[in-house]
Amino acid sequence: GIWERASRNGLVHQIILPAPSDIFVAMRDLFTSTFLLPHLWTTLYETLVGFVIASVVAFVVAVLLSNFAFARGVFYPYIVTFQVLPKVALAPIFITWLGFGLSSKIFLAATISFFPVLVNTLAGFESVSESSSALMRALVASRWQIFSRLSLPWSLPYVFAGLKTSLTLALIGAIVAEFEGAERGLAVLIKSFSYQFKMPQVFAVLFVLGALGLLLYGLMEYLERRIVYWNRVDPS
């Protein structure tokens with residue numbers, strides 16, 4: 001109510017902060033339009049593909065680094081160095097390499113979402129109880145059995161913590177890459193409406209982005225509850 005009155009009474013200019021009622025009308029028009037779905041699908045596709053690629057690669061790398069100390073000592077510093085580079089600054093380079101199509105957006109989404117999965121998966125493997133590992137070895141369990149029946153289940157809560165963070169970062173990466181140059185995507189809509197000073201439409205697209213991020217996070221929460229069912233805390 002304060003927001004609506006401040007905007008309607010001229011305390012805040014409509015270009016800076018449009019009234020919620022205007023944003024609601026813009027959202028209604030946006031959802032009844034024919035152009036929203038192609039842009040929404042493009043951003044969603046870039047996000048999910050980049051996230052899946054980053055998650056698979058990060059998990060495999062984490063398994064290798066956790067099992068081979070030499071590989072960790074050699075490669076992990078380079079991975080950390082690459083992580084501290086600002087990915088926003090790398091977006092123009094990726095677009096130069098891969099063009100303005102989907103590939104550059106997927107690559108940036110994968111790049112920015114890679115590290116959380118890697119770090120959390122490594123932390124999960126390192127948290128495995130040494131006594132449990134010793135027991136498995138005493139029972140003459142193979143390396144694969146120790147991994148599949150002890151290390152992997154033990155580390156899954158850590159892995160999903162990384163996946164939830166990674167998925168939201170993948171969406172950020174896709175949007176940043178679209179801002180640098182794209183033909184379709186929600187960021188393209190934001191740029192187009194901004195250039196036309198259609199601020200209610202800009203805020204409407206932002207709300208769509210927020211809803212998309214919440215949906216993806218909720219989906220990952222659901223998968224975690226279904227897969228890591230033993231890690232749930234009974235509220236009673």
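This is a predicted model: local features need pLDDT of at least 70, side-chain atom pairs count only at pLDDT 80 or more; totals for chains, interfaces and linings use all residues.
This is a short talk on a few places in the structure shown above.

Hi everyone, and thanks for coming.

Let's start with the salt bridges. How many salt bridges does the count come to? The count comes to 3.

Lys-164 sits in helix α8. Is Lys-164 buried or exposed? With a relative accessible area of 13%, Lys-164 is buried, because buried means under 20%.

Now, who are the partners of Lys-164? One of them is Glu-221, and this salt bridge has a distance of 3.5 Å from N to O. Since Lys-164 belongs to helix α8 and Glu-221 belongs to helix α10, which covers residues 199-227, the pair ties together parts that are 57 residues apart in sequence. Glu-221 itself is partly exposed, with a relative accessible area of 23%.

Another partner is Glu-224, whose side chain meets that of Lys-164 in a salt bridge of 2.9 Å, again N to O. Here too the pair links distant parts of the chain, with Glu-224 in helix α10 and Lys-164 in helix α8, 60 residues apart. Both Glu-224 and Lys-164 are buried.

Leu-219 and Lys-164 are 55 residues apart along the chain, and their C-alpha atoms are separated by 9.2 Å.

There is also a salt bridge between Arg-28 and Asp-29, where the closest N and O atoms are 3.5 Å apart. How covered are these residues? Asp-29 has 39% relative accessibility, so it counts as partly exposed. Arg-28, at 48% relative accessibility, also counts as partly exposed.

How much space lies in the largest pocket? About 410 Å³. The largest pocket is lined by 14 residues, and the closest to its centre are Ser-66, Asn-67, Ile-146, Phe-147 and Ser-151. Which elements give two or more residues to the lining? They are α3, α6 (102-126), α7 (130-138) and α8 (143-180). Of these, α8 provides the largest share, with 5 residues.

Ala-134 is placed in helix α7, and with a relative accessible area of 35%, Ala-134 is partly exposed. In sequence, Ala-134 and Ile-146 are 12 residues apart, and in space their C-alpha atoms are 9.9 Å apart.

Now turn the model so that you can see the surface along helix α3. Which residues make the nonpolar surface patch of about 430 Å²? They are Val-52, Val-56, Val-60, Leu-64 and Phe-68. Let's pick out Leu-64, which lies in helix α3, residues 36-67. Leu-64 has 43% relative accessibility, and therefore it counts as partly exposed.

Two more residues and then I'm done. Thr-111 lies in helix α6. With a relative accessible area of 9%, Thr-111 is buried. Gln-83 is 28 residues away from Thr-111 along the chain, with 8.5 Å separating the C-alpha atoms of the two.

The other one is Phe-197, and here I'd like you to think about backbone angles. Most residues other than glycine have a negative phi. What is phi of Phe-197 near? It is near 55 degrees, a positive value in a residue other than glycine. Where does Phe-197 lie? You'll find Phe-197 in the loop between α9 (186-195) and α10. With a relative accessible area of 59%, Phe-197 is exposed, because exposed means over 50%.

Notes
Residues are numbered from 1 along each chain as its sequence is written. Side-chain values use heavy atoms; hydrogens and water are left out. Patches are made of residues with over 30% relative accessible area and no salt bridge: like charges are joined within 9 Å, nonpolar side chains (Val, Leu, Ile, Met, Phe, Trp, Tyr) within 5 Å. Accessible areas come from the Shrake-Rupley method with a 1.4 Å probe; for residues, only the protein chains shown count as cover. A salt bridge is a side-chain nitrogen of Lys or Arg within 4 Å of a carboxyl oxygen of Asp or Glu. Helices (H or I, at least four residues) and strands (E, at least two) are DSSP runs, numbered from the N terminus. Buried means under 20% relative accessible area, exposed over 50%, partly exposed in between (1.4 Å probe, protein chains only). On a 1 Å grid over the protein atoms alone, a cavity is a set of points where a 1.4 Å probe fits but cannot get out, and a pocket is an open set with protein on both sides within 12 Å along at least five of seven lines; lining residues have an atom within 4 Å of a point. Grid points are joined across faces, edges and corners, and a volume is the space filled by probe spheres set on the points.
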